Amino acid sequence: MKLSCFFLLLLAGCSTWSWDKRELFLEICDSPEERVRGLRGHPALEDNQGLLFVYPLPRQCSYWMKDVSFPIDLAFFDESGRILEIVDLKAMDEAPVKSPGEVKFVLEMRRGWFEAQGIKNGDVWNELKKMDW
């Protein structure tokens, strides 16, 4: 798996992030075009691989799973890096899922990743606060 993540880093513009002692391989979606595309047509996520959506300012947003063929977990973060809500999204589901308030970051990970890591609503990802977005 490490080897395939390495190639994903090279090919997909991923970067390595840490969350406590966890190593994550994330594609950063910080432009309007990248946020619209998201996981559409993307191969299934591997362990510790995901997409981090970054908004210039906190805002209410919604997500759907159009043309995404695998289930994911999605976490909505406020400006301080605190998780407001983690939701499960079903493959190919076009029903919009709205953020529970204004968010600055959204993290999409493989289904079950947050639970397997013991991460829950209210937890803080300090690395998000350190970055100069």
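# Chat about the predicted fold

Biologist: Quick one to start: His-42, buried or exposed?
Modeller: Buried: the relative accessible area of His-42 is 15%, and the cut-off for buried is under 20%. Keep in mind that this is a predicted model.

Biologist: Where in the chain is His-42 found?
Modeller: In a loop, the one that runs between helix H2 (32-37) and S3.

Biologist: And which residues is His-42 in contact with, leaving aside neighbours within four places in sequence?
Modeller: Glu-27, Gln-49, Leu-51 and Phe-70. Take Phe-70: 28 residues separate it from His-42 in sequence, while the C-alpha to C-alpha distance is 9.4 Å.

Biologist: Let's zoom out. How many helices and strands does the chain have?
Modeller: Four helices and eight strands. Reading from the N terminus, the order is α-β-β-α-β-β-β-β-β-β-α-α.

Biologist: What share of the contacts is between residues 24 or more positions apart?
Modeller: It's 68%, counting contacts in the chain with a separation of 6 or more.

Biologist: What about burial and surface for the chain?
Modeller: The chain has 133 residues, and 41% of them are buried. Its accessible surface is about 7,300 Å², with 52% of that belonging to carbon and sulfur atoms.

Biologist: On to the sheet. What is the strand order?
Modeller: S1-S2-S3-S8-S5-S6, an open sheet of six strands with mixed pairing. Strand S1 (14-19) and strand S6 (83-89) are the edges, each pairing on one side only. On average, neighbouring strands here are turned by 30° against each other, direction ignored.

Biologist: How many residues of strand S8 are buried?
Modeller: Seven of the eight, so to speak mostly covered; S8 spans residues 103-110. Strand S3 (residues 49-59) runs antiparallel to S8 and is joined to it by six bridges. Leu-52 is the residue standing opposite Leu-107 there.

Biologist: And how many bridges join S5 to S8?
Modeller: Six, again antiparallel, with S5 covering residues 72-77. In that pairing, Phe-76 has Val-106 of S8 as its bridge partner.

Biologist: What about S5 and S6, in which sense do they pair?
Modeller: Antiparallel, over six bridges. Asp-73 stands opposite Asp-88 in S6. The hairpin of S5 and S6 has five residues between the strands, and Gly-81 takes a positive phi near 90° in it.

Biologist: Changing topic: packing. Which residues touch the most other members of the largest nonpolar core?
Modeller: Tyr-63, Phe-76 and Val-106, in a core of 18 residues. At least two residues of this core come from each of S3, S5, S6 and S8. There's also a second, separate core of 17 residues, which includes Leu-26, Leu-107, Met-109 and Trp-113.

Note on methods
Residues are numbered from 1 along each chain as its sequence is written. This is a predicted model: local features need pLDDT of at least 70, side-chain atom pairs count only at pLDDT 80 or more; totals for chains, interfaces and linings use all residues. Side-chain values use heavy atoms; hydrogens and water are left out. Buried means under 20% relative accessible area, exposed over 50%, partly exposed in between (1.4 Å probe, protein chains only). Contact means heavy atoms within 4.5 Å. Accessible areas come from the Shrake-Rupley method with a 1.4 Å probe; for residues, only the protein chains shown count as cover. Two strands pair if DSSP finds at least two bridges between them. Axes are lines fitted to C-alpha atoms, for helices over the stretch in contact, and angles run from 0 to 180 degrees between N-to-C directions. A nonpolar core is a set of buried Ala, Val, Leu, Ile, Met, Phe, Trp, Tyr and Cys residues joined through side-chain atoms within 4.5 Å.
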